[in-house]
Every structure is written in C-alpha cells, then in structure tokens.
Amino acid sequence: MATLARTPTQQALRRFLRSSSGKAGLFIVGVFVLLALLAPLLAPYDPAKDRNLRMRLKPPSIEHPMGTDELGRDMLIRVWHGSRISLRVGVVAVGLALVAGTLLGLVAGFFGGWVDILISWLIDIMLAFPSILLAIAIVAVIGPGIENAMLAVGVVQIPVFARLARSMVLSLKEQEFVAAARALGATNGRILLRHILPNGLSPLIVQATLSIATAILDAAGLGFLGLGAQPPAPEWGVMIARGFQYFATAPWISLFPGLAIMLAVLGFNLLGDGLRDALDPRTGRL
Amino acid sequence: MAAYALRRFLGLVPVLFGVSLLVFTFVRMIPGDPARVMLGQRATPEALERLRRELNLDKPLFINLEAYRETGRIEKLFEAQYPAYLARILRGDLGRSIFTKVDVAAELKARFPATFELTLGAMTVALLVGIPAGILAAIRKNSLADLLVMTGALVGVSMPIFWLGLLLIYVFAVNLHWLPPSGRLGIGTEFQPVTGLLLLDSLLKGRPDVFADALRHLILPSLALGSIPAAVIARMMRSSMLEVLSQDYVRTARAKGLPERVVVYKHALKNAMLPVITIIGLWFGTLLTGAILTETIFNWPGIGKWLYDAIQARDYPIVQGGTLFIAAVYVIVNALVDLSYGLLDPRIQYR
C-alpha cells in the first residue's frame, strides 16, 4: 500500500505542510533570506558614504518609503541591508552553540561519571545568569563589535543545546541498536556520531530554529546598548538606538528596524513551531 | 520534603561557587590594570604599588604555590586573589565603586526595591492579560478569539522589548501625554521611602498623591517588561487548559449536568494552573534579574540600569558585585519555585 511505503522523511514533510504556522514561518524566513541574498545585487550599498544632509529626517514618502534618518540616509535600504547582518548573526551564533553544546551534551551523557559532573556543573553555572546579562558580560570582556556580539550571543545558547543533547543520549544509549553497534566493534566516537546523534537530531533542529529567533533578539539588544555592531553599520538594534534620540520628531527611524526584527523573529518562531509539529509529533501537539 | 529542600539548597553551593569563580575570572580577564584605572594616569609608581598590594593584585590569581613551597604551610596556598575575594564576599563585602566610592552591597540593597516593584508590576500585567486570554483561547478553541490570542502571543514573544518600550513612550508619553516617560516619581515630588517599594510606602505614610504618581510611572515599564511573560503564560494556559478539559473527570463533571462555567472555573482551572504557576515562578526570577533593557529605556533606578551604567563606565566592582547578586537571586528563586511544586500539587513526591 502506498500510504505504508512512506519514508519517515515523507511523513515529516506531510506533517510540516499540514502545519499552518510552519508554512507561514517558512514563507517569512524565505523572504528574509532571499532579500538578504539579493541586497548587494539589487541595491548595492555603502553605509559609510550614504549621506545626504539636505534630506535629513524626512518622513516616509514615495521616494523614501521608510523615511530618512538624521544623516539623510534612506531607511528602506538600511533596514533591507540590516537583514544581512541579523540573519548572519542568528545563524552563525546558533551554529556555534549547536555544535559546541551538542558535543558537550553528547560527551556528558555518553561517558557519565566525573566528565558528566563537570560538564553539568558548567552548564548550571551558565544557566545561573540571565542570558542577556551573560552576553553583556562577555562583550564587556572581549570588547564590543559585531563579531564579538555573535560570539557572546552564541555562547549564551550553549547550555540549552548541551542539556538537550545530554538527555537525548541518556535516553538512547541503553537501546538495543547501540548495543548492536557496540557488538559489531564500533568505537565510541562512531556510536555517538553515526548511531546516537542521527536518532536524536529532531529536537536539536527544532531548538536551533527557535534559538535563531532568540539570538536575533539578543544581538539587536546588544546593538541597541552600543555593545554589538557599531555605526555606521546598518544593524537593526543600532538603528533603533540612533532613532531614539530623534524619537519625538522622527519616530520612523526606530519604527521600521523594530518591525523588521519582529517579523524576522516571528518567522523563525513560526518555523520552529512547524518543525516541531513535523519532526516531533508527540510533543507540542496542543 | 524537608530533606529534599535541604538537598536542593545544598546543590546551590557548587553552582554559586562556580558563579563566583566565573565572575572573578571575567573581571580579571578585562584588559587594563585596575590600580591604574582607580588612581588615574598621573599616579606615582609608589602609589600604584601600594594600591596593588592593598588590592592583593601582587598575589597570584587562584593559589599561591610559591608561598606554599617556601614555607611548606598549607594555608599559604590560599594567599591568592581569588581566595581573598571569596572570603570578602562571604562576609557580605562586595567592595566599593571605583568612581563614586559607594559601597556596592549597600547600593544593591537600596536599589533592589525599585527592581522588585517593577517585577511585581510586570508580573501583574502578565497575569491579568495572559491567564484570561489563555482560558478564552482554550474554551473557544479554533475560534476567531483563539486565533487572535495565539497570534497576539506569538507577536508578543517576537517583539524586542526595548522597541516596545520606545513605542509605548512615543504613544502614551510623547503624543498623548497620559503617562510619564521615565523615572519612578515626578520631578519635585518630595518623598522619603520606608521600604523602597513606593506604592507600599505611600500608603503607609498616607500620601495618595505619591501613590498615584508612582503608579503612573510604573505602568509603561510594566507593560513593556510584562509583554513576553504575558504571551508565554497565555500559550501555556491554553495548552494546559485544553489538556485538562479532555480528561475523564471533566467529562464526568459535564455528564453530571454541571454548567460549563462551573466545569471550567471550578473543576478544570485548578489543575490547569499547576504548570502555569511553574512558568510564573520561573519568569518571576527572570524578570527580577533580566530587566536591564527595560530599566535602561525607562531610566528606572533599579539594579539593571545601575549595572548597565557600570559596564559602560567600566566600574568593575559594581559589575562584579551586581552580576554575582543577580545570579544568586536567580538560582535561589528557581530553587524556591522547584520546592513550591510540592506544596501546590500533593501528587508530586520528592525523592
């Protein structure tokens, strides 16, 4: 029968396409990715040279749909190019956290003993700090800037993945397929990476998607506080902070970057929900 | 239960020890010589040397192997910077600000009520919005109301808090002039606080004018800070309510012919609240310690704003003490939330 012959991937795809939040999220994220990739082709931009003081603080118009800022820069093009920075920060930071956290969690859960005690202790210590405070503290040590903000936002997310990976290993390592692999002479590394990890990947993927949303928010927060990307980079948080000074007379400078953050974060949140419906049908189905 | 509580709190000791180690290491890793920062560029080498000795900066960081080897006495091992630091914080001495010379522990104590009051305000907003919205969405599942609540909740968790704060200031303070944009009290309001919680103090002292003023200042930051927990609570309330409503005992209650109102609010709500209360507790800890952005935007004189200013000014004793304080409050609140499950839900057995 055709319905029984479906592979798990096909089943997951079907479930994903049935989830309206998943489709909405995929659409929003897709649009952002596309815009970010096409920005240099369709609208080349140099943030350091784009000044036109005669056009300062102009409200939205046909010519400048999002208005202009205090240096006469077109807000639309800045918000558009901001998507490149924010998506990159989100993906790189979460990629870092995903790899580092998963490795820590795998090792802790698989080997147990003092390795587990040590890693769990480190995770508990990191979780004792509110994430934005930890990110701020890291940047305070290594200095402000977009690369450092990326690192800080990523490090803050490590414990989430470490915990997830650790509990995944604990539930999988006693199963028969692991014993079978061991009986065939597989090494620890092979068992971890080829047998356990692929079977526990789903929750990690879901968490990674949701973490990108958090990372974008945290990075924008750092930018807003002056600790992330530095002007004149068209980073959304930085733009909101600059607009703050002209808030009473030119609110559009802060309004549009904020809307962009909200949409991007919403997109990743929706996508994460949809992926959870598709990959992890037992949980979150309410 | 008592044994579990004891174990839970003893479990905090290694975590807090690690936190102190991390905070200490962080501040030591910051480039620059603290003695130089404190005395300025024109300090004489002798003065610098004296201050370094006073601050223990001439000692090794974690353990003093050299002194131990020379004397062979084990206690010499601890003549190092971190052990001295740990001994000081255990006595409650968090040091003094580099620039203002204010005592960090005393200032934390003085500022904590402002942060606490803001947390209470935000939590009130979150509960008043989140719980009814979640119940409504659950009992009218798949209706327009449900869709609106769930969309609102998603937008709520996706909004940057500092941006929402700015929008609120723009609409309600700058344009409509309904509410003040920043601070805790209007300029020129003379008031000597007792506990530091202005709403409470003004009532204690019989000053309704101060109460109204403090309340008006509290509304906007509470709305901004409460938005995310409101959204999270609404989602949690909805899913928890839906789960409870599908259980057998609810069907029994309905079969007995009880009105839907009684079934929902009397039979289902109590059980549906349990996971929600967990979330509320955890968010209480988060808000209490994570209001840095909100306090900065609204110029709220709490711990978050002070810490942010200290980071900008590189006033390390404040950064060190404040971070340590926040982490300690956070893990203790979380432990208390853990313990409260047992009090609220007798089915839970602690082992």
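**A helix pair and the chain contact**

Helix α3(A) passes α11(A) in a right-handed crossing. This is a predicted model. Two packed helices are described by the angle between their axes and the distance between the axes. Here the angle is about 35°, and the axes lie 10 Å apart. In chain A, α3 covers residues 75-111 and α11 covers residues 252-279.

Now the residues. From α3(A) come Met75(A), Val79(A), Gly82(A), Ser83(A) and Ser86(A). They meet Trp252(A), Ile253(A), Phe256(A), Pro257(A), Ala260(A) and Ala264(A) of α11(A). By class, eight residues of this contact are nonpolar and three are polar. None is charged.

Next, the two chains. Their contact takes 32 residues from chain A and 35 from chain B. On the side of chain B that touches chain A, α2(B) gives the largest share, seven residues. Other elements of chain B giving two or more residues include α8 (144-158), α11 (208-245) and α16 (316-344). By class, this side of chain B has 27 nonpolar residues, seven polar and one charged.

Last, the core. The largest nonpolar core has 162 residues. Among the members that touch the most others are Ala135(A), Ile136(A), Ile261(A) and Ile233(B). Take Ile136(A).

Terms used. Residues are numbered from 1 along each chain as its sequence is written. Chains are lettered from A and ligands numbered from 1 in the order in which they are written. This is a predicted model: local features need pLDDT of at least 70, side-chain atom pairs count only at pLDDT 80 or more; totals for chains, interfaces and linings use all residues. Two residues are in contact if their C-beta atoms, placed from the backbone, lie within 7 Å. Helices (H or I, at least four residues) and strands (E, at least two) are DSSP runs, numbered from the N terminus. Ala, Val, Leu, Ile, Met, Phe, Trp, Tyr, Cys and Pro count as nonpolar, Asp, Glu, Lys and Arg as charged, and the others, Gly among them, as polar. A nonpolar core is a set of buried Ala, Val, Leu, Ile, Met, Phe, Trp, Tyr and Cys residues joined through C-beta atoms within 7 Å. A residue is buried if 20 or more other C-beta atoms lie within 10 Å of its own, exposed if 12 or fewer, and partly exposed in between; C-beta atoms are placed from the backbone. Axes are lines fitted to C-alpha atoms, for helices over the stretch in contact, and angles run from 0 to 180 degrees between N-to-C directions. A crossing is left-handed if the near helix is turned anticlockwise from the far one by less than a right angle, and right-handed if clockwise.
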